[in-house]
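Have the model open while you read.

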Amino acid sequence: MSTFSAVSSTAERLDYLLISDGAPAPCEGDLRAGVVQLRSEIKLIENKLMSDENGRIKIGEEEKRKITQLAYDVEDAVESYAWRQSSAAADSKWKLGSVLKYPTARSLRKDLHAFSKRIDEIRSVTAGGGEGSPRSGVRSVVVVEPPPPPQIHGTEVRSGGEDVTELTARLVGPESKLSVVAVYGVGGIGKTTLAQSVYNNRIVIEHFDTRAWAYVGQNFQARGILESVLSSLRPERSKSEIAAMEMMVLMDQLYKAQKGRRYLVVLDDVLSFEAWDTMRFAFPDDNNGSRIVITTRDEEVAKLMSTSVLEMKLLPEDRSWEILQSASGVMDGTEFNPEIEMVGKQIARYCKGLPLAITVMGGILRMKNLDEWKEVLDVLVAGDGRLQETKSVLSLSYNHLPLHLKPCFLYLGHFPEDEAIPVEKLYLLWMAEGLIAARAEDGRTQKEVAETYLKQLVDRSLVFVVENEVSDPTRFKSCQLHDLIRDLCISNGKQEEFFDVIDFGLGGKISSSSRRLAIYLYKIKDDNDDALLNIRDARDIRSILFYDRDESHVKPASSSNLPRAFSDLTEFQGARVLHFDGVDFQVKKLPRGIQKLIYLRHLSFQGCHLKVFPSSFCSFPFLETLDLRVIDCCVMTIPNVLWKISSLRHLYFPQAFRVDTNDKLKLNTLKKLQVLENFNASLCDTSDLLQLENLQILSGVVEGNTDLKNIIGCMDSSKFLRHSSLDVKKFDSYSKERLAIVAELLECNGLHNLDFEGYLGVMPPHRSIGSNITSVVFIGSEFGEDPMPVFAKFPNLRSLVLCKDAFVGKKMVCSEPNHFLRLESLKLVTLQYLEELEVDEAAMPRLVVITIERCNKLDAIPSGLSKIPTLERFMIGSMPKEFQEKVNQIIEKQRDNGNKELTVTFYDC
């Protein structure tokens with residue numbers, strides 16, 4: 001698989017060199033003909049590898065290693081040539097011989113000749129099969145997507161839902177003393193799924209005043225867990241505010257947030273008693289029926305921590321077969337086939353009653369015929385006796401993946417186990433690693449192809465979704481692997497030399513022959529730990545990903561430096577990806593030599609503390625992604641050098657930054673830029689936006705007339721803009737001219753999300769409303785007249801927030817039917833003059849949640865709201881007791897009428 005990944009990536013880079021808008025200096029003349037021929041030869045090798053995967057031919061491991069090395073050598077050579085040509089044209093100051101792996105005197109023609117000889121040698125060994133003509137165009141796998149599998153969750157997995165019923169009874173039972181309930185069972189049996197199902201159960205939601213969920217895991221951090229719980233209980237507090245608290249203050253705030261309330265806290269995947277012993281004093285016992293649930297696979301931990309243990313048993317064979325039928329869809333729309341049932345029951349037996357194994361097996365079997373079911377059974381019967389059967393099932397799920405999905409799946413394993421993976425980060429890394437084609441044959445963008453790949457992994461039950469996008473619930477926001485599946489990724493990744501996790505917490509000598517390294521800095525206990533590290537030649541490493549986290553509350557910062565092997569990156573000449581995640585460069589030193597990594601495609605400092613972006617980081621001719629989204633409390637200084645990185649396609653500014661001169665940052669040369677986030681009009685030249693003709697995603701902050709007009713012009717004129725978010729700050733409109741600019745903004749079809757802070761007084765007269773606006777926030781606008789009739793005309797509005805006297809009238813009316821047709825969330829905060837809210841049940845037919853906070857003169861919730869069929873939740877914050885009582889009366893009345901799904905959450909009341 002790693003060989004196929006290397007060859008496919010190289011084929012794409014050759015395409016990149018051959019197109020004029022791709023490489024810094026495209027090939028021309030006879031050189032172009034030579035590269036075209038080389039590309040054809042590489043595609044033939046790619047086809048042979050696919051034949052090897054399909055069993056039509058057999059390529060030995062030694063030949064695969066030679067092919068892998070050839071692919072990487074070709075990629076280095078062609079990119080070296082492109083860089084050399086562009087450097088010569090720009091009269092570069094670089095000393096070529098000191099940086100490049102290939103001597104400067106060596107021409108690309110000689111390289112091409114040498115590669116052809118190596119390809120001939122490989123061809124002679126791998127003759128037969130796969131000799132068909134290579135596909136034209138760039139590499140792309142066009143997959144006909146199977147229908148999505150049925151979702152197997154919660155009570156559906158457990159036989160009859162007995163575990164759900166039992167756990168619910170223990171949580172809402174009459175026992176008044178604080179109880180700790182342990183859900184115990186082997187890995188993959190569904191402990192977390194059970195806890196989630198009960199946590200979101202309507203009966204449980206109604207029973208407890210507050211609920212919170214935190215993941216513990218083997219990398220236990222008391223502070224991180226307490227922060228997670230406090231964030232759940234106090235959503236109005238920012239994460240940066242909570243993160244700034246001292247440990248004792250944090251515990252005190254958490255204690256007070258729960259004091260006097262009936263709370264439910266779930267601690268998922270607890271592996272040691274010490275984890276609980278460190279935190280238990282933050283949870284008060286007020287004899288009011290509060291509960292703490294832990295999930296654990298350790299029986300001793302379950303008994304030591306809890307007042308009661310719920311042990312989850314493996315599923316019986318008949319239930320295993322029922323779930324396998326559902327997960328595979330074998331009986332959907334087809335006649336009963338007794339032979340499939342016979343084979344299926346035998347396959348289910350190999351899953352040993354483990355829900356994770358059963359659902360993964362269902363993903364393997366989906367859309368397969370009887371003969372293919374028999375083949376899967378034969379593999380299980382003849383399986384490796386050294387492997388546990390559950391591991392065999394999971395390994396089989398990997399073996400049955402299409403070739404293009406295997407590297408994408410394995411790549412997920414390098415992320416730390418106890419963290420949800422933001423899919424945006426994942427997609428960027430997949431693209432930088434060459435796992436996603438730059439151009440798909442069916443016209444999709446790289447991101448769209450990446451989304452399809454992740455969806456296919458989710459459909460196979462190999463990845464589970466943590467969170468969906470609020471604006472588009474069909475799209476994923478974050479995902480995660482079950483720890484058993486992650487272990488499979490790490491094991492196979494190491495075996496195939498695709499990637500390796502450098503985990504100093506395991507102790508002993510660490511060796512790796514992989515070309516991609518994920519380094520867990522927070523596992524280093526001593527500065528000498530890395531003396532035991534043995535990796536391959538630095539020049540062969542393609543990706544280095546550093547993961548760190550703040551553990552100052554757990555242990556002293558004994559290891560203040562990066563491992564010695566990575567303190568100077570000059571020798572890592574072949575690196576394409578350099579990713580720092582959560583590294584505090586106030587404590588650790590930024591590695592030397594980064595500016596010499598000329599082949600970099602991806603450079604990220606996401607979540608780090610880095611006060612100054614070095615001015616030398618501007619000579620990266622292939623850099624496509626630059627992520628400067630440092631931690632919120634860090635204000636980065638950025639020199640005016642970004643315009644030099646003309647290859648950039650994705651640029652992420654920090655939330656807060658400054659420039660080192662009085663001049664604004666220039667961006668007008670970044671013609672290839674597709675994504676620009678956290679653009680600040682006070683620090684960047686807005687007129688440059690008009691020249692970014694390939695821009696697809698834009699988010700920014702703006703103050704001032706001219707800047708806002710330029711941004712509106714960019715959004716209106718861009719051919720490819722797909723999504724834009726604009727945060728308008730302190731834009732007080734006391735003149736017709738300024739109101740006219742706001743009117744232009746509301747009319748803009750290129751605008752999607754708008755946060756507007758400042759005085760308006762009146763809703764500006766406008767000819768139409770932008771058809772793509774989905775989210776609107778108005779702060780301090782002081783509308784004298786009810787603005788709801790205008791907002792009702794927004795055709796695609798899904799979220800509306802009015803806060804801090806956005807409306808200063810007494811009455812707000814939403815009574816017209818067929819208005820707010822798509823509105824799902826309405827939030828009213830600190831509208832101190834609002835006395836009456838009138839809502840007709842037909843006015844907001846899709847409303848899901850309404851939030852009312854600090855509107856102290858508002859007398860009651862309108863009765864029409866509770867009649868909206870889609871409404872699920874009231875969020876009530878800092879409102880008088882009388883108001884709360886009226887809300888409870890409405891809830892009770894609705895339950896009497898059969899609406900059991902409507903819930904209310906009170907906070908800061």
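This is a predicted model: local features need pLDDT of at least 70, side-chain atom pairs count only at pLDDT 80 or more; totals for chains, interfaces and linings use all residues.

Residues are numbered from 1 along each chain as its sequence is written, and side-chain values use heavy atoms, with hydrogens and water left out.

**Helix pairs**

Two packed helices are described by the angle between their axes and the distance between the axes. Here, axes are lines fitted to C-alpha atoms, for helices over the stretch in contact, and angles run from 0 to 180 degrees between N-to-C directions. Helices are DSSP runs (H or I, at least four residues), numbered from the N terminus.

| Helix pair | Axes come within | Crossing angle |
|---|---|---|
| H14 (317-328) and H16 (355-365) | 8 Å | roughly 40° |
| H6 (162-172) and H7 (191-199) | 10 Å | roughly 55° |
| H23 (705-717) and H24 (736-747) | 10 Å | roughly 25° |

Angles under 35 degrees count as roughly parallel, over 145 as roughly antiparallel, 65 to 115 as roughly perpendicular and the rest as oblique. H23 is therefore roughly parallel to H24. H14 and H16, on the other hand, are oblique to each other, and H6 and H7 are oblique too.

As for handedness, a crossing is left-handed if the near helix is turned anticlockwise from the far one by less than a right angle, and right-handed if clockwise. H14 and H16 cross right-handed. On the H14 side, Ser320, Ile323, Leu324, Ala327 and Ser328 meet Ile358, Thr359, Met361, Gly362 and Leu365 of H16 (contact means heavy atoms within 4.5 Å). That contact has six nonpolar, four polar and no charged residues; Ala, Val, Leu, Ile, Met, Phe, Trp, Tyr, Cys and Pro count as nonpolar, Asp, Glu, Lys and Arg as charged, and the others, Gly among them, as polar.

The crossing of H6 and H7 is right-handed. Asp163, Val164, Leu167, Thr168 and Leu171 of H6 touch Leu194, Ala195, Ser197 and Val198 of H7.

H23 and H24 cross left-handed. Their contact includes Lys709 of H23 and Glu737, Arg738 and Glu744 of H24, and its residues divide into five nonpolar, one polar and four charged.

**Cavities**

On a 1 Å grid over the protein atoms alone, a cavity is a set of points where a 1.4 Å probe fits but cannot get out, and lining residues have an atom within 4 Å of a point. Seven cavities of 30 Å³ or more turn up.

Which residues line the largest cavity? They are Ser5, Ala6, Ser9, Tyr72, Glu75, Ala432, Glu433, Arg516, Arg542, Ser543, Arg576 and Arg601. Helices H1 (2-18) and H3 (61-89) are the elements that give two or more residues to this lining, and H1 gives the most, with three residues. By class, the lining has three nonpolar, three polar and six charged residues.

Definitions and conventions
On a 1 Å grid over the protein atoms alone, a cavity is a set of points where a 1.4 Å probe fits but cannot get out, and a pocket is an open set with protein on both sides within 12 Å along at least five of seven lines; lining residues have an atom within 4 Å of a point. Grid points are joined across faces, edges and corners, and a volume is the space filled by probe spheres set on the points.
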